[in-house]
Amino acid sequence: MYEHFFKCPYCWEEISMLMDPSVREQTYVEDCEVCCNPMEISPRFESNTLVSFSANSIEQ
């Protein structure tokens with residue numbers, strides 16, 4: 001597993017997320033562990049290295 005730290009796009013608190021580097025590219029929705037707002041998470045791995053990551057707010 002790969003741990004990545006980033007700031008929530010809603011509350012700006014730093015949070016961490018565990019991701020599986022064997023999944024090269026994916027997009028999914030996960031709630032912030034601090035403010036509980038949904039974020040669209042998009043990590044991309046190459047050779048088990050995180051090469052891009054985005055955590056975007058989901059406008060409701």
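**Close-up views of a predicted model**

**View 1. E59 in the segment after strand 5.** E59 is found in the segment that follows strand 5 (49-57). The model shown here and in the other views is predicted. E59 has a relative accessible area of 69%, and is therefore classed as exposed, since the cut-off for that class is over 50%. Between the C-alpha atoms of E59 and E14 there is a separation of 20 Å, and these residues lie 45 residues apart along the chain.

**View 2. The largest nonpolar core.** Eleven residues form the largest nonpolar core: F6, C8, I15, M17, M19, C32, M39, I41, F45, L50 and A55. At least two residues of this core come from each of strand 2, strand 4 and strand 5.

**View 3. The surroundings of M17.** M17, one of the residues of the largest nonpolar core, touches Y2, E3, H4, F6, Y28, E30 and I41, when residues up to four places away in sequence are not counted. Among these contacts, F6 and I41 also belong to the core.

**View 4. The pairing of strand 4 with strand 5.** Strand 4 and strand 5 run antiparallel and are joined by eight bridges. Within this pairing, S42 stands opposite S54 in strand 5. The hairpin of these strands has two residues between them, and S47 takes a positive phi near 55° there.

**View 5. Confidence along the protein chain.** The protein chain has a mean pLDDT of 95, and 98% of its residues reach 70 or more. Confidence is lowest in strand 2 (residues 14-19), with a mean of 95, and highest in strand 4 (residues 38-46), with 97. Where pLDDT is low, predicted coordinates should not be read in detail.

Definitions and conventions
Residues numbered from 1 in each chain as written. Predicted model: local features only at pLDDT ≥ 70, side-chain atom pairs only at ≥ 80, totals over all residues. Heavy atoms only, no water. pLDDT = per-residue confidence, 0-100. Helix = DSSP H or I, 4+ residues; strand = E, 2+ residues; numbered from the N terminus. Buried < 20%, exposed > 50% of the residue type's maximum accessible area, 1.4 Å probe, protein only. Core = buried A, V, L, I, M, F, W, Y, C linked by side-chain atoms within 4.5 Å. Contact = heavy atoms within 4.5 Å. Pairing = 2+ DSSP bridges.
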